[in-house]
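Visitor: Please pick one part of this model and look at it closely with me. I would like to know where space is left between the atoms, and what surrounds it.

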Amino acid sequence: MWKFILFLLFTIPGRILFSQHELLASADSDYRSGNVNDAVAKYNSLIVEGYQSADLYYNLGCIYLKQNNISRARLNFEKALRLNPSSSKIKKGIAKAKSAIEPSIDALPPFILYKWFLAIRNLFSSVVWGWLVLISVFIYSGIGILNLNGKSILRKNGLYFVSLVPIFFFLFYLSRDAYEHKKESVLILNQGMHVAPDPNSQVALPLGAGTKVLILDSLSNWYKVNLENNDEGWLPKVALEGI
């Protein structure tokens, strides 16, 4: 009985992964040959199964962009960027989608030092940064123990410098993890942003489909949102889809 259970535990996940790999290869082939409807159906089938890939979302974004479905294009490009935030081609895709959105909402440029911080943070996923934190703490602890036992590997100043490494790694981990779990959505429909969670309230700004927002709060059927230019207001939940 146990052998049968172990057999199922090891073979079923392998078969699922093999099936997903075959479906992905087929979808990529359809995408390259121009069979976009088949490619979209297969890509979405993989997403429903829980498969995630920056290239998959990027290809979907490119298809929707060619079909002038700006909201879906932006949504998939943003999902791709979550998985690979240093990709220049994904950023170009987002820029193309944003150029078709009216009104244009321009993000505030980051401070130069913070921009450098983000460039380093985006080199690895939160999982990799987490492992680097653990490894660096283990190495630092080993060096500290050896120093206490009289085996001087590093001088005092060097030991202080090494102690900063796990701290920096931890900061990169926190920042990348927060980015990966950021509550952002894309506006699927043209929609006015209201000053209050009420359809009869004043419209502060008309927004175009494809506009990205940060979710700040939730009340009934409404989200309080923050735009990329830091304007705030309320949007109905049905008009948004999470990244």
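Guide: Start with the names of the elements. Helices (H or I, at least four residues) and strands (E, at least two) are DSSP runs, numbered from the N terminus. The model is predicted, so local features need pLDDT of at least 70 and side-chain atom pairs pLDDT 80 or more, while totals for chains, interfaces and linings use all residues. Residues are numbered from 1 along each chain as its sequence is written, and side-chain values use heavy atoms, without hydrogens and water.

Now the spaces. On a 1 Å grid over the protein atoms alone, a pocket is an open set of points with protein on both sides within 12 Å along at least five of seven lines; a cavity is a set where a 1.4 Å probe fits but cannot get out; lining residues have an atom within 4 Å of a point. A volume is the space filled by probe spheres set on the points, which are joined across faces, edges and corners.

Take the second largest pocket. Its space comes to about 160 Å³. Helix α4 gives three residues, the largest share of its lining. The lining consists of Gln52, Tyr57, Lys79, Arg82, Leu83, Glu180 and Ile243. Sort them by type: three are nonpolar, one is polar and three are charged. (Ala, Val, Leu, Ile, Met, Phe, Trp, Tyr, Cys and Pro count as nonpolar; Asp, Glu, Lys and Arg as charged; the others, Gly among them, as polar.)

Stay with Arg82. Glu184 forms a salt bridge with Arg82, and their closest N and O atoms are 3.2 Å apart. (A salt bridge is a side-chain nitrogen of Lys or Arg within 4 Å of a carboxyl oxygen of Asp or Glu.) Glu184 sits in strand β1 (residues 184–187) and Arg82 in helix α4, so this pair ties together parts 102 residues apart in sequence. Both Glu184 and Arg82 are buried. (Buried means under 20% relative accessible area, exposed over 50%, and partly exposed in between, with a 1.4 Å probe and protein chains only.)

Salt bridges with shared partners join Glu184 and Arg82 to Arg74, Glu78, Lys98, Lys182, Lys212 and Glu228 in one network. In the whole structure, the search finds 13 salt bridges.

The largest pocket holds about 1,000 Å³ of space. It has 30 lining residues, and those nearest its centre are Ala107, Leu118, Lys182, Lys212 and Glu228. Two or more residues each come from α4, α5 (88–99), α6 (112–121), α8 (156–180), β4 (212–219) and β5. The largest share, five residues, belongs to α6. Of the lining residues, 14 are nonpolar, five polar and 11 charged.

Look again at Glu228. Its side chain meets that of Arg74 in a salt bridge (3.3 Å, N to O). Arg74 lies in helix α4 and Glu228 in the loop between β5 (222–227) and β6 (232–236), so the pair ties together parts 154 residues apart in sequence. Arg74 counts as buried because its relative accessibility is 2%.

The structure holds one cavity of 30 Å³ or more. The volume of the largest cavity is about 50 Å³. Around it stand Arg74, Lys98, Ile101, Pro103, Ser104, Ile105, Thr211, Lys212 and Glu228. That lining divides into three nonpolar, two polar and four charged residues.

A cis peptide bond joins Glu102 to Pro103, with omega about 0 degrees. Pro103 lies in the loop between α5 and α6.

Asn230 is placed in the loop between β5 and β6. Asn230 is not a glycine, yet its phi is positive, at about 80 degrees. With 49% relative accessibility, Asn230 counts as partly exposed.

Arg72 pairs with Glu241, the closest N and O atoms being 2.8 Å apart. Arg72 is in helix α4 (residues 70–83) and Glu241 in strand β7 (residues 240–242), 169 residues apart, so the pair links distant parts of the chain. Arg72 counts as partly exposed at 27% relative accessibility. Glu241, at 26%, counts as partly exposed too.
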